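These are my notes from one sitting with one structure. I wrote down what I looked up, in the order I looked.

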Amino acid sequence: LDATHVGFLIAAVAGLGAVAMIAAGWVSDRRGERHLHLVFFLLLQACTYVVMGLATAPVLFIAAYALSFAVQMSIQALFWLIPGDVLQGKSAAAGLAAVGSIGMVGAFAGPYAWGVALDHTGSYQAGLLGLFVPYVMAALIIGVLRLNLKAKDAGVSAQLIDARIVVAKR
């Protein structure tokens, strides 16, 4: 493609990302389940990087790239809503600061690892395939967080039921 058509393609992908971001937030709000939606998008993102890493046809790579961008925007929409749902007050501020700090470490380590992979292999394939691992790990972390929150909520519910039984007996 010439430069003009590449620009149109990138603009279309960005528009797709904006629609995906709004749709992901809307669907997760309607269903009341952010964690499972986020896990789905993280695993889908991992798969898009595998497809991009293994793609030999430019059309397949471009389609995977477009899906990857849309999925990344969906991840952003959901990810930044979870701390506010889970944390309150000062712990919310500390939690967001921790997320930002970890993100800064990743912003350094990721491009560095990408460069090392490029230097050792001479292609971008290793870097693209390597991105599968952190997205799967992130999905596992969010899944465990969800299970812990569900267990905590179940414990609180059980305590409330026990308290009602005690009050009813009096």
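Helices (H or I, at least four residues) and strands (E, at least two) are DSSP runs, numbered from the N terminus. I note that this is a predicted model, in which local features need pLDDT of at least 70 and side-chain atom pairs count only at pLDDT 80 or more, while totals for chains, interfaces and linings use all residues. Residues are numbered from 1 along each chain as its sequence is written, and side-chain values use heavy atoms, with hydrogens and water left out.

**Entry 1: His37**

I looked up His37 and found it in helix α2. Buried means under 20% relative accessible area, exposed over 50%, and partly exposed in between (1.4 Å probe, protein chains only). His37 has a relative accessible area of 16%, so it is buried. I then listed its contacts (heavy atoms within 4.5 Å). Not counting residues up to four places away in sequence, His37 touches Val27, Ser28, Arg31 and Leu78.

**Entry 2: the core**

A nonpolar core is a set of buried Ala, Val, Leu, Ile, Met, Phe, Trp, Tyr and Cys residues joined through side-chain atoms within 4.5 Å. In soluble globular proteins, nonpolar side chains tend to be buried together. Which members of the largest nonpolar core touch the most others? I found Leu38, Phe41, Leu42, Ile75 and Tyr135, out of 17 residues. Two or more residues of this core come from each of α2, α3 and α7, and α2 has the largest share with seven residues. For Leu38 I noted contacts with Ile75, Leu78, Phe79, Ile82 and Ile142, not counting residues up to four places away in sequence.

**Entry 3: two helix lengths**

The expected span of a helix is 1.5 Å times one less than its number of residues. Helix α3 (residues 58–79) has 22 residues and should span 32 Å; its end C-alpha atoms are 31 Å apart, which agrees. The buried residues of α3 include Val71, Ile75 and Leu78. In α5, Ala92, Gly95 and Ala117 are buried, and α6 is included in what covers the buried residues of α5. After α5 comes Gly122, with a positive phi near 80°.

**Entry 4: Trp114**

Trp114 is in helix α5. I put it down as partly exposed because its relative accessibility is 28%. Leaving aside neighbours within four places in sequence, Trp114 is in contact with Tyr124, Gly127, Leu128 and Leu131. The C-alpha atoms of Trp114 and Tyr124 are 8.0 Å apart.

**Entry 5: the pockets**

On a 1 Å grid over the protein atoms alone, a pocket is an open set of points where a 1.4 Å probe fits, with protein on both sides within 12 Å along at least five of seven lines; lining residues have an atom within 4 Å of a point. Grid points are joined across faces, edges and corners, and a volume is the space filled by probe spheres set on the points. The largest pocket has a volume of about 1,300 Å³. Of its 36 lining residues, Phe79, Ile102, Gly103, Pro134 and Ala138 are the closest to its centre. α5 gives the most to this lining, with 13 residues.

The second largest pocket has a volume of about 290 Å³. I counted 13 lining residues, with His35, Asp85, Val86, Leu149 and Asp153 nearest its centre. α7 gives the most to the lining of the second largest pocket, with five residues.
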